[in-house]
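Below are some notes for a colleague who is meeting this structure for the first time. Please read them with the model open alongside.

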Amino acid sequence: NLAAALAAQGLKVGVMDADIYGFSIPRMLGVDHDPQVIDGMMIPPVGAGGVKVISIGMFVPDGQAVIWRGPMLHRALQQFLADVFWGDLDVLLIDMPPGTGDVAISIAQLLPTSEILVVTTPQVAAAEVAERAGSIASQTNQKVIGVVENMSFLPQPDGSRLEIFGAGGGESVSARLTAQLGYDVPLLAQVPLDIALREGGDRGEPVAVAVASGPAAEVLTSLGATLATTNRGLAGRPLGVSPIQH
């Protein structure tokens, strides 16, 4: 949904599904065909909203589990970054598995200047896990740009909020990471429970672009607009290298 919301802002967006064991991005972005290979490079399929997508799910038969150890995970991520022709992207979103395991370490090594967007749900148990995932930035020299609280509340017909999973998880993660990391880690969005969001994910039609209005669509669109204005990328930056003449 965030990828689709960013694309709707006019950005060129790619999504790399790094959740190797629990991949779901192809379905959620409506991609049902494999990448093409041209001159040894994989051309990523284009999903909803014009988002380019790559996932291990495109190479695994339906219903088959991926049973890999750390080195194989690392090699797969390397290939997704080096052997996929992403083209001229403005943003590459990487969907990570929860926690601080092999994938998180590999991404930190392969993309040392990448930024982290921490996603949590309101309950304390989930917030503690999300906080640990964000705290890895202090050891990897990455930056946490903010927190998103998913499944935050269920809007009621009278305008009130039914907090099914409790409250305060996103605010807690934001405050604790701000204290740990020494810079502001804002709570960027609280995404409500919304049937349209779930249905859109199952159909491959992200609610951020498929639904004109609705509680989740409005929050996700606003989040996309916020992140779309964040300065990033290498354009105009000195890379610290100089040509060598032979």
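1. E131 sits in helix α5, residues 124-135, and helices (H or I, at least four residues) and strands (E, at least two) are DSSP runs numbered from the N terminus. Leaving out residues up to four places away in sequence, E131 touches V173, R176, L177 and Q180, a contact being heavy atoms within 4.5 Å.

2. Before going further, please note that this is a predicted model, in which local features need pLDDT of at least 70 and side-chain atom pairs count only at pLDDT 80 or more, while totals for chains, interfaces and linings use all residues. Residues are numbered from 1 along each chain as its sequence is written, and side-chain values use heavy atoms, with hydrogens and water left out.

3. How many salt bridges does the structure hold? There are four, where a salt bridge is a side-chain nitrogen of Lys or Arg within 4 Å of a carboxyl oxygen of Asp or Glu. One of them joins the side chains of R176 and E131, at 2.6 Å from N to O. This pair links distant parts of the chain, with R176 in helix α7 and E131 in helix α5, 45 residues apart.

4. Another salt bridge is formed by the side chains of K12 and D88, at 3.1 Å from N to O. Here too distant parts of the chain are linked, since K12 lies in the loop between α1 (2-8) and β1, and D88 in the loop between α3 (70-82) and β5 (91-95), 76 residues apart. K12 is partly exposed, with 41% relative accessibility, whereas D88 is exposed, with 56%.

5. R198 and D202 also form a salt bridge, their closest N and O atoms being 3.2 Å apart. Because these two residues are four apart in helix α8 (residues 195-203), about one helical turn separates R198 and D202. R198 is partly exposed at 47% relative accessibility, and D202 is partly exposed at 43%.

6. D19 deserves a careful look, as this residue is buried yet has no salt bridge, and the nearest side chain of opposite charge, R27, is 13 Å away; in this count Lys and Arg are positive and Asp and Glu negative, while His and the chain ends are not counted. D19 is found in the loop between β1 (13-17) and α2 (25-28). A polar atom of the D19 side chain lies 3.2 Å from the backbone nitrogen of G22. Apart from residues up to four places away in sequence, D19 touches D95, M96 and P97.

7. Two further sites complete these notes. I164, in the loop between β9 (161-162) and α7 (169-181), is partly exposed with a relative accessible area of 45%. G99, in the loop between β5 and α4 (102-110), is partly exposed with a relative accessible area of 28%. Leaving aside neighbours within four places in sequence, G99 is in contact with A104 and A133. The C-alpha atoms of G99 and G159 are separated by 35 Å, and these residues are 60 apart along the chain.

Terms used:
Buried means under 20% relative accessible area, exposed over 50%, partly exposed in between (1.4 Å probe, protein chains only). A polar contact is a pair of N or O atoms within 3.5 Å; within protein, one must be able to donate a hydrogen and the other to accept it, and residues adjacent in sequence count only if both atoms are side-chain atoms.
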